[in-house]
Amino acid sequence: DFHKSLKITLPKSWKTGPASNLLGQFVESYNAKFQDTNPLQVSEIHLSLRQQVPGSTDSTKTELVPICSDAVVLEDIPDRSDVYICHGPSQTKAELAAAAKAAEEERQMTMKNTVACTHFGCQNRFPKGGPYPECSYHRLPPVFHETAKYWACCPNKKAYDWDDFQKIPGCQKGTCSETKEEGKLFLGGTDLREQASEGSNLKSIDDFNKAQSAGGAEAAPVLDRLKKVMVELGVEKELYDQVVDGMKKEHAATCSTEAEILATVSQELGSKLKSMMKSVAAEQLRIN
């Protein structure tokens, strides 16, 4: 059994030194026990920290992230952390940055010289005009509702994490295509509610006015509620007021009451925000 755990209390002078000192200390301690059976070479291993996968909402999904050999212990290794010894030589911060830059340049070159398959769920890229590879895809667009993510054609296969959603296998087999799918690129809560209540009547302006005078959280003007949320997200209050006031002026001539103006502005602003979110989601699907 060549497994070894070592608890180290670092001297103060080490805390401002490079991580390579910590690696060397572990190798020295390990080789003192396994020198004749399984010695380690400092040049062939590196230190790593286990961290949550970026972009994942699942705290149990982690990955080992390398620690650069010239990383400052105090700055780059949290106190009382579990540090792992992994195969592969250590890299300096400059080497890691250069490798990341090269990988990004290669990715951008690939994006420039290829196109993404337009079938739902297919992640293939290929030269424009072909040849077209075989693909596994979904017949209907994705559904993003609350925290659930799934494909409309496979409603029983839900995911709550983006990586898990991307791994849901396609239900169709075919050949990649450059022809854009017609209709919506994805569905949301509004679409689901419309499907569930198909044929129901829309709220009238009178309904809107009654809701405003009813009191309670749900009766608060939607534009005021949205304003608070946007400010929390970092949108300047003045910028939000400028946009909303501009919309009010645009619709003042065609609306007979203040309530009608507010309802129209709410609808238009909601449509613009929805359109922006759809563009972001569509781009994510293309890139990933």
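Tyr 150 counts as buried because its relative accessibility is 11%, where buried means under 20% relative accessible area, exposed over 50% and partly exposed in between, using a 1.4 Å probe and protein chains only. Tyr 150 sits in strand 8 (residues 148-151); helices (H or I, at least four residues) and strands (E, at least two) are DSSP runs numbered from the N terminus. Between Tyr 150 and Ile 168 there are 8.2 Å, C-alpha to C-alpha, with the two 18 residues apart in sequence.

A quick word on the model: it is predicted, so local features need pLDDT of at least 70, side-chain atom pairs count only at pLDDT 80 or more, and totals for chains, interfaces and linings use all residues. Residues are numbered from 1 along each chain as its sequence is written, and side-chain values use heavy atoms, leaving out hydrogens and water.

Now for the cores. A nonpolar core is a set of buried Ala, Val, Leu, Ile, Met, Phe, Trp, Tyr and Cys residues joined through side-chain atoms within 4.5 Å.

| Core | Residues in core | Among its members |
|---|---|---|
| Largest | 17 residues | Leu 40, Leu 47, Ile 67, Ile 77 |
| Second, separate | eleven residues | Phe 144, Cys 153, Trp 162, Ala 281 |

In the largest core, the four listed residues touch the most other members. Helix 2 (19-34) and strand 1 (45-52) each supply at least two residues of this core, and helix 2 gives the largest share, seven residues. Leaving aside neighbours within four places in sequence, Ile 77 is in contact (heavy atoms within 4.5 Å) with Leu 22, Leu 49, Ile 67, Val 72 and Val 83.

Zooming out, the protein chain has ten helices and eleven strands, and 27% of its 288 residues count as buried.
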